[in-house]
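Work through the exercises below with the sequence and the model at hand. Each task is followed by a solution in steps.

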Amino acid sequence: MGTDMAAPGQPRCASYDAIVIGAGIQGSFAAYHLALRHRDTLLLEQFFLPHSRGSSHGQSRITRSAYPQEHYARMMPHCFHLWQQLEDEAGTPLYRRTGLVVLGPPGDPKLEGCRRSMGPGDVLDEVTLAQRFPGLRPRRGDVALWDGSGGVLLADRALRAVQDAFRRRGGTVRDGEKVLRIDPGAVLTVTTTAGVYRAPRLIITAGAWTNAVVAPLGLRLPLQPLRIDVCYWKEKEPGTSSAVTPCFMATGLPYAPHGIYGLPALEYPGMVKVCYHYGSPTDPEERDRTPPGSLRPHVALLSNFISSYLPGLEPQPAVLESCLYTNTPDGDFILDRHPKYSNIVIGAGFSGHGFKLAPVVGQLLCELSLGEEPSHCTAPFAISRFPGVLRASL
C-alpha cells in the first residue's frame with residue numbers, strides 16, 4: 001500500500017509504484033494489470049464515482065470479432081479471453097452473446113475489411129438474415145455478414161467489476177480529486193485538489209480531458225472530443241423486441257458516412273438502442289449544456305435510417321441521452337510513451353470503439369509502463385504518426 005503521510009486535516013501525501021490518471025474503463029484496466037503484477041498502484045479520478053461525465057458510463061456496449069482493421073481483429077480473441085477471466089472473478093455476467101449483423105453495400109471498404117477478419121461461411125443470404133433478424137429490412141443488393149461472437153458488454157457492471165478487482169489486489173482508488181500539476185522526473189509528483197502523490201511511473205488515461213492534462217508536459221495531441229446522441233427507439237407494437245435481437249452495424253450508407261450501430265432492448269424495456277457513430281465537436285466541460293431547441297442533425301439522420309431499415313420501431317427517439325467520444329484523425333488509438341518523459345505513458349483517442357478492447361489496452365499500457373515487451377504490436381498507436389505534437393521549446 002502507498003505510504004500515507006497526511007496528518008488530520010492536511011493534504012494527503014503518499015508514494016506508490018505507479019499512478020494512473022483517469023478511472024474510465026481503460027485506466028481501470030491499466031491499474032488492474034499493474035496490480036496483477038504486484039505494483040502498488042494509485043488510480044485517480046477527477047469526478048466522484050460512479051459518474052456519467054466521460055465515455056465509460058451506460059449499461060451497454062457492442063463487442064465483436066469482426067473488425068476492418070487487422071490490428072484490432074488480432075486483439076479480439078485475447079480481449080474475449082480477458083473479459084471471460086474478469087467475469088469469472090466477478091461472479092456476475094458481463095457479456096451477453098446476441099450475434100452481430102454487419103450490413104452494407106458490396107465493395108464497401110469497411111464491410112470487406114470485416115469480411116476478411118471473419119470466416120467464409122459468415123455471409124448471410126436473404127432467407128437466413130430474415131430468420132435471424134426479422135425486424136431488419138435491408139436495401140436490395142446489401143451484403144450481410146454474421147459475427148456469431150458479437151454481443152453486448154454490460155458496461156457499468158464491467159467498469160465496477162474491474163475496479164473492484166483492482167481494489168481486492170490492494171489497489172487504491174481516489175475519486176473526486178482533480179489533477180492540478182504533474183512534475184516529471186525519475187520519481188514523478190502528481191498534485192491533486194486533495195493530495196500529493198509520487199511514483200516512478202505514470203499512465204494518463206484522461207479521455208476527453210487528456211490534452212488538459214498533457215499540455216503542461218509540452219504535448220498537444222490531435223484529439224477531438226465529440227458529443228454523441230445516444231438514442232432509444234420504441235417498438236410500434238409492444239413486446240416485439242425479439243424482432244431486433246442481434247446487434248448490428250450498418251456501413252457504407254451515403255447519408256451516414258461514419259456508420260450506424262444498434263443493440264437490442266436491454267436498458268429500457270421495449271426500446272432499441274440505435275446510434276450514429278459520430279457526433280458534434282464539444283468541450284467536455286460543456287457537454288451537458290446543450291441549448292434548448294438546438295438542432296440535432298444526427299437524430300434526423302437516424303430517423304431516416306429507422307424508417308427505412310427498422311420499420312417496426314417508432315421513427316422518433318423515445319429517450320435521448322449523450323456520451324463523449326474522443327477521436328483521433330485516423331480513428332486509431334494512442335498508446336505510447338511521452339516523447340520526452342519515457343516513464344509517462346498515454347492512452348487516448350479511443351474514437352468510440354475502445355470499450356471492448358479495454359482489457360488488452362490496459363495490459364499494453366501496463367507493459368509499456370513497466371518496460372516489458374508489448375503483447376501486441378503498438379506501432380499503429382504511436383504518437384509519432386502525428387507530426388508537431390511536441391512543443392519545440394522542450
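**Exercise 1: the nonpolar cores**

The largest nonpolar core has 47 residues, and those with the most contacts inside it are Ile-25, Phe-29, Trp-83, Leu-86, Phe-333, Leu-335 and Leu-357. A nonpolar core is a set of buried Ala, Val, Leu, Ile, Met, Phe, Trp, Tyr and Cys residues joined through side-chain atoms within 4.5 Å; buried means under 20% relative accessible area, exposed over 50%, and partly exposed in between (1.4 Å probe, protein chains only). This is a predicted model, in which local features need pLDDT of at least 70, side-chain atom pairs count only at pLDDT 80 or more, and totals for chains, interfaces and linings use all residues. Residues are numbered from 1 along each chain as its sequence is written, and side-chain values use heavy atoms, with hydrogens and water left out.

Task: state which elements give two or more residues to this core.

Solution. 
- Step 1. The elements are strand 3 (18-21), helix 1 (25-36), helix 2 (70-90), helix 5 (155-168) and helix 8 (358-370). Helices (H or I, at least four residues) and strands (E, at least two) are DSSP runs, numbered from the N terminus.
- Step 2. Helix 2 gives the most, nine residues.
- Step 3. Another core, of 33 residues, lies apart from this one; Ala-208, Val-213, Leu-221 and Phe-386 are among its members.

**Exercise 2: backbone exceptions**

Task: find where the cis peptide bond is, and say what phi is for His-38 and Ser-351.

Solution. 
- Step 1. Most residues other than glycine have a negative phi, and most peptide bonds are trans.
- Step 2. The cis bond joins Leu-49 and Pro-50, with omega about -10°; Pro-50 is in the loop between strand 4 (41-44) and strand 5 (60-63).
- Step 3. His-38 has a positive phi, near 65°, and sits in the loop between helix 1 and strand 4. Its relative accessible area is 73%, so His-38 is exposed.
- Step 4. Ser-351 has a positive phi near 55° and belongs to the loop between strand 23 (344-348) and helix 8. Ser-351 counts as buried because its relative accessibility is 5%.
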